[in-house]
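Here's a quick tour of a protein chain, written for someone new to reading structures. Have a look at the picture, then read on.

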Amino acid sequence: MDAIEVLIININKLCKSKGWKYRTLAKTMGVPAESLSRSLNGNPRLDTIEKMAKALDVPVRAIFDDPEQIEGYITLNGQPVRFHTKDELLAMIRGGNSS
């Protein structure tokens with residue numbers, strides 16, 4: 001997944017979490033809806049990305065976090081076990097400890 005695809009997925013999720021349409025995001029950013037649409041369908045400039053993040057009240061980094069990438073620890077049989085992917089976590093949950 002490239003950075004633009006990740007950006008679009010995350011903008012959609014963030015807008016949905018606020019109950020916003022792109023038009024609302026554009027208005028909050030102070031840009032025409034058509035400009036926002038062109039940015040999301042092309043190659044948005046850094047200042048546009050910063051405006052999106054500010055309007056959505058998130059750090060710029062949140063717009064580029066890969067929605068498929070997860071990492072963390074769970075406790076199995078009283079021991080912390082680290083996972084690096086969604087598939088590893090699912091395997092652990094299903095009983096196939098992959099570490």
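How many helices and strands are there in the protein chain? Counting them up gives six helices and two strands. Keep in mind that this is a predicted model. If you walk along the sequence, the elements come in the pattern α-α-α-α-α-β-β-α.

Now for the overall shape. The C-alpha trace of the protein chain spans about 55 × 25 × 20 Å along its principal axes. Its radius of gyration is 18 Å, while a compact globule of 99 residues would come out near 13 Å.

Next, let's zoom in on a pair of helices. Two packed helices are described by the angle between their axes and the distance between the axes. Here, α2 and α3 pack at an angle of about 105°, and their axes are 8 Å apart. Angles from 65 to 115 degrees count as roughly perpendicular, so α2 is roughly perpendicular to α3.

Who's doing the touching? This table shows both sides:

| Helix | Residue range | Residues making the contact |
|---|---|---|
| α2 | residues 22-29 | Tyr22, Arg23, Leu25, Ala26 and Met29 |
| α3 | residues 33-40 | Ala33, Leu36 and Leu40 |

Sorted by class, the contact of α2 with α3 has seven nonpolar residues, one charged residue and no polar ones.

Finally, a word about rings. You'll find zero aromatic pairs in the structure. There is a charge over a ring, though: the charged end of Lys18 sits over the ring of Trp20, 5.3 Å from the ring's centre.

Methods. Residues numbered from 1 in each chain as written. Predicted model: local features only at pLDDT ≥ 70, side-chain atom pairs only at ≥ 80, totals over all residues. Heavy atoms only, no water. Axes fitted to C-alpha atoms, helices over the stretch in contact; angles between N-to-C directions. Helix = DSSP H or I, 4+ residues; strand = E, 2+ residues; numbered from the N terminus. Parallel < 35°, antiparallel > 145°, perpendicular 65-115°, else oblique. Contact = heavy atoms within 4.5 Å. Nonpolar A, V, L, I, M, F, W, Y, C, P; charged D, E, K, R; others polar. Phe/Tyr/Trp six-rings, centres within 6.5 Å; stacked < 30°, edge-to-face > 60°. Lys NZ or Arg CZ within 6 Å of the ring centre and 35° of its normal. Rg over C-alpha atoms; globule rule 2.2 N^0.38 Å.
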